[in-house]
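Work through the exercises below with the model open. Each task is followed by a solution in steps.

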Amino acid sequence: MTGAHQGLAPALFTAFVLTALAIAAWAGRQRRGSTEEFYAGGRLFSPLENGFAIAGDYLSAASFLGISGLIALYGYDGMLYSVGFLVAWLVVLFLVAELVRNCGRFTLADVLAARLRERPVRIAAGFSSLTVSVLYLVAQMVGAGSLVALLLGGTGDRARGWTVVVVGALMVVYVTLGGMRATTWIQIVKAVLLMGGTVVLTVLVLVRFHGDVSALLTTAADRSGQGRAFLAPGLRYGHDLTSRLDFISLGLALVLGTAGLPHILARFSTVPTARAARRSVIWAIALIGGFYLMTIVLGFGAAAVLGSDAVRASSPAGNTAVPLLALDLGGGAGSTGGTILFAVVAAVAFATILAVVAGVTLASSASVAHDLCATLGRRTGRARRGPRGEVAVARAAAAGTGAVAIGLGLLAQNLNVAFLVGLAFAVAASANLPVLLYSLFWGRFTTRGAVWSVVGGLLPALALVVLSPVVSGSPDALFPGLDFRLFPLENPGLVSVPLGFLAGWLGTVTSPEPADAAGHAEAEVRSLTGAGAA
Amino acid sequence: MRDSDGRVAVTVQRTAGGEPARDAAGIYREVQRSPAFREVRRRYRRFAFPVTVAFLGWYLAYVLAAIAAPETMARPVAGALNVAMVAGLAQFATAFLLTWAYARHARLHRDPAARELRWAVAVKTLQGDARSQRRAITAGPARDARAVRGPGELR
């Protein structure tokens, strides 16, 4: 890397940050200080805008750099991520988006509280949503730290540590100032940048191979050192039974977790109607599907242009495959084209991380202020603070969760980003999705069922992670010196998702109180017709 | 209440023995029991549930095939493409296709009826007294109302 690279990428990055802060200031200028404004941005975004914002919230750096890198290293096995991340959106579109828009206000707990006893479900759902958000935030923080080390030539732990702190602090300021309105706009800007950058790279890869996909795949297979096995399953997940089960576990978590992510559910509150929510998901599916198709081209393109060994030499996890590909496609190291393209890709990757951090920070502040503080505060006898008071709490909560995520991000710097994201998806699929689906579709569902479902998914998911080889008992573990590993899989989804569903059913059938028929009638009519929607 | 000229009534009937609906909760229960609402719910579920089971099954089959039958998945189809790559691209194709099918189904078979029910609930909530419960509530253009009655018909 030459000095020119290191100057251009930070300059572009700074320009993005300044633009984002200007948007926040502009959006914050007209804020009215209501919860409606802070959590939902006034609910008046169009389906197209919200579709871009959903894509912006969903496509994290793990998608942009991680998946292409995995494909460049493992060929076909990396492609399975692309498929799982897209198919997950059908669950959101068919079962969740419209109904949540109709009977929710801002958070998962709002949907549950529409028909169940408010206090217990708010505490349970608020706590599990907060857990998912913090895990997701830590993943993004760790990703930002690694990116700085890899892309901008910042070496050593100090540069990474400072990046985590600065990224976290910037986004806390951003969310605090602008709320959902500013956060939505940063997602839109980022989605446009990310799609634009990906399209340019994909076109350049296809031009390099004269539009012949077969030639691209054959070259990739040749240069991977694996031959045709590179295009078939098994390079990463085919070694033994444990790794195969781990793959199913991850696949399950990916496809079911999306519908339980708090920052995705919050996006449906920013549009006026269920129809707008549906149309925004359709836009998002078009963008996300197109993006993942292009990551496949970029991944195989990196293998074909650079060779898998060159990718592995730069980063064992493959995270630098796309920036290196950009450098080569632009004309190679030292050329003006290569320098510019490399800097653009680095800046887009940073913009991606910043935007996702903003979205998740906002969702976690809603969990804390709207669900946990509002409920727990009432018991301790404090007077209701009203919407303005709640927004003040939400701003403080954004700062608080940001600080916690910065702290954990500094501690977890050596954990794999894709693993952390997979874990957040697994917890969302185990703790949030069962209770959401039961509440939307099961007439006999009770409050006890809801609490058991959340606890019965959350605790096993977290416990199995603590007992997994990720934490202890393997050379790459968090505590490599200790060994208290009891569970063989890295991802808990295969066990904890069924447990979440089972606990919800068990809690409901053993419930001493009958289901609230009137509450269910109201929730069902509202969810399907949009009557009385906020 | 609108004039019934050119419009068809959607009647939300009270079930026998039901208590008079004075509050919002009563109205929601009444709407929930009405044939019009059950038709909307039936249409939604008859599309969403089987299709969800189908695409989750297809996705799981795709994942399981990669680890259960890797030799079959590695078989070449055309050029450098093998069964696994084709199946992966087919997952993308079905995702886009099902998105389109769901949007079309919702637009043609659910949106008009749901809009009428929303209107019915709003009117009832505003009236808020039991006397008018038996009166027909009219709303929406005639073609929308027809969509409530004729299940499965396409335009």
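**Exercise 1.** Decide whether α20(A) is mostly covered or mostly exposed, and check its length.

*Solution.* The model is a predicted one. Step one is to count: 10 of the 13 residues of α20(A) are buried, so the helix is mostly covered. A residue is buried here if 20 or more other C-beta atoms lie within 10 Å of its own. Step two is to list them: His520(A), Ala521(A), Glu522(A), Ala523(A), Glu524(A), Val525(A), Arg526(A), Ser527(A), Leu528(A) and Thr529(A) are buried in α20(A). Step three is the length. The expected span is 1.5 Å times one less than the number of residues. For the 13 residues of α20(A) this gives 18 Å, and the end C-alpha atoms are 18 Å apart, so the two values agree. Just past the helix, Gly530(A) has a positive phi of about 85°.

**Exercise 2.** Work out how α5(A) and α12(A) are oriented to each other, and describe their contact.

*Solution.* Begin with the axes: those of α5(A) and α12(A) come within 9 Å and cross at roughly 175°. Angles over 145 degrees count as roughly antiparallel. The two helices α5(A) and α12(A) are therefore roughly antiparallel to each other. Next, find the contact. On α5(A) the residues include Phe85(A), Leu86(A), Trp89(A) and Arg101(A), while those of α12(A) include Val281(A), Ile285(A), Ile288(A) and Tyr292(A). Sorted by class, this contact has 15 nonpolar, six polar and three charged residues.

**Exercise 3.** Describe the side of chain A that touches chain B.

*Solution.* Count both sides of the interface: 42 residues of chain A contact 41 residues of chain B. At least two residues each come from α5 (76-103), α9 (213-224), α10 (241-257), α12 (274-305) and α20 (517-529) of chain A. The largest share, 11 residues, is supplied by α5(A). Finally, sort this side of chain A by class: 28 residues are nonpolar, nine polar and five charged.

**Exercise 4.** Does the radius of gyration of chain A agree or disagree with that of a compact globule?

*Solution.* A compact globule of 534 residues would have a radius of gyration near 24 Å; chain A has 23 Å, so the value agrees. The C-alpha trace spans about 65 × 55 × 45 Å along its principal axes. Chain A has 20 helices and zero strands, and 64% of its 534 residues count as buried. Of the chain A contacts between residues at least 6 apart in sequence, 82% join residues at least 24 apart.

Key: Residues numbered from 1 in each chain as written. Chains lettered and ligands numbered in written order. Predicted model: local features only at pLDDT ≥ 70, side-chain atom pairs only at ≥ 80, totals over all residues. Contact = placed C-beta atoms within 7 Å. Helix = DSSP H or I, 4+ residues; strand = E, 2+ residues; numbered from the N terminus. Nonpolar A, V, L, I, M, F, W, Y, C, P; charged D, E, K, R; others polar. Rg over C-alpha atoms; globule rule 2.2 N^0.38 Å. Buried ≥ 20, exposed ≤ 12 C-beta atoms within 10 Å, placed from the backbone. Axes fitted to C-alpha atoms, helices over the stretch in contact; angles between N-to-C directions. Parallel < 35°, antiparallel > 145°, perpendicular 65-115°, else oblique.
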